[in-house]
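Here is a set of exercises to work through with the structure open beside you. Try each task first, then follow the solution step by step.

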Amino acid sequence: MTKATSSGGVVIFRGKILLLYNNYKGRSDGWVLPKGTVEAGESLDETAIREVKEETGANAAIVQYIGETHYNFRTMSDEIAKTVHWYLMMSQNYYSTPQEEEFFQDSGYYKFHEAVHLLKYANEKQMLIDAYHAYKAIYKDGLWKADKYFPKN
């Protein structure tokens, strides 16, 4: 068994959550959150920011760490034990464009109840729920401000 580590984000802009639709060679993998493999010399938070940008085109900043998920899957030659670290992230706008090289065919921002319904995997749904609760608390306290996470030069 091989261990693998990824990092990703629950990206929110104006209360809506950024999702990706994956369709690999005509086999739908459904709606997912942006995430990807940690590269050598890269921190977990750097990976989350890079992967969100690569997979969705969105400029996003980390607000806080949410937690991790674990799952296993098989390849042709091995079983992979994957850990994914998740961050609550803020986007600067509604812009997104799916990364075709990774077989993403669509991306967009959805209301919370829509996003929970669309997400394919239970562990990602739970991370969305946890992140959205954190977002609501931060927003209620008046701390969800773009200038805090995207300082002007």
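**Exercise 1. The pocket**

What volume does the largest pocket have?

*Solution.* Before we start, note that this is a predicted model, in which local features need pLDDT of at least 70 and side-chain atom pairs count only at pLDDT 80 or more, while totals for chains, interfaces and linings use all residues. Residues are numbered from 1 along each chain as its sequence is written, and side-chain values use heavy atoms, with hydrogens and water left out.

Step 1. Grid points are joined across faces, edges and corners, and the volume is the space filled by probe spheres set on the points.

Step 2. Read off the value: the largest pocket has a volume of about 850 Å³.

Step 3. Find the lining, meaning residues with an atom within 4 Å of a point. There are 30 such residues, and the closest to the pocket's centre are Asn22, Asp29, Lys35, Tyr71 and Lys82.

Step 4. Sort the lining by type: 12 residues are nonpolar, eight polar and 10 charged. Here Ala, Val, Leu, Ile, Met, Phe, Trp, Tyr, Cys and Pro count as nonpolar, Asp, Glu, Lys and Arg as charged, and the others, Gly among them, as polar.

Step 5. Sort the lining by element. Helices (H or I, at least four residues) and strands (E, at least two) are DSSP runs, numbered from the N terminus. Strand 5 gives the largest share, four residues; among the elements that supply at least two are also strand 2 (16–24), strand 3 (27–32) and helix 3 (122–140).

**Exercise 2. Around strand 6**

Describe how strand 6 is paired and how well it is covered.

*Solution.* Step 1. Two strands pair if DSSP finds at least two bridges between them. Strand 5 (residues 60–74) runs antiparallel to strand 6, with 13 bridges, and a hairpin of four residues joins the two. Tyr71 stands opposite Lys82 of strand 6.

Step 1. Turn to strand 1 (residues 2–13), which is parallel to strand 6 and joined to it by 11 bridges. Thr5 faces Thr83 in strand 6, and Gly9 has Tyr87 as its bridge partner there.

Step 2. Follow strand 1 to another neighbour: three bridges pair strand 1 with strand 4 in the antiparallel sense. Gly8 has Lys35 of strand 4 as its bridge partner.

Step 3. Check burial, where buried means under 20% relative accessible area, exposed over 50% and partly exposed in between (1.4 Å probe, protein chains only). In strand 6 (residues 79–91), 12 of the 13 residues are buried. Val10, which lies in strand 1, is buried with a relative accessible area of 0%.

**Exercise 3. Helix 1**

Which residues of helix 1 are buried?

Step 1. List the buried ones: Thr47, Ala48, Arg50, Glu51, Val52, Glu55 and Thr56. Thr47 counts as buried at 0% relative accessibility.

Step 2. Keep the geometry in mind: an α-helix has 3.6 residues a turn, so residues three or four places apart point the same way.

**Exercise 4. Ring pairs**

How many aromatic pairs does the structure hold?

*Solution.* Step 1. Rings of Phe, Tyr and Trp (its six-membered ring) pair if their centres lie within 6.5 Å; planes under 30 degrees apart count as stacked, over 60 as edge-to-face and the rest as tilted. The structure holds 10 such pairs.

Step 1. Classify one: the rings of Tyr71 and Phe73 have centres 6.1 Å apart and planes at 35°, so this pair is tilted. Tyr71 is partly exposed at 30% relative accessibility, and Phe73 is partly exposed at 33%.

Step 2. Classify another: the rings of Tyr94 and Tyr109 have centres 5.4 Å apart and planes at 75°, so the pair is edge-to-face. Tyr94 lies in the loop between strand 6 and strand 7 (104–110) and Tyr109 in strand 7, so the pair ties together parts 15 residues apart in sequence.

Step 3. Finish with the cluster: ring pairs link Phe112, Tyr132, Tyr135, Tyr139 and Trp144.

Note on methods
1 Å grid on protein atoms, 1.4 Å probe; cavity = no way out; pocket = protein on both sides within 12 Å on 5 of 7 lines; lining within 4 Å.
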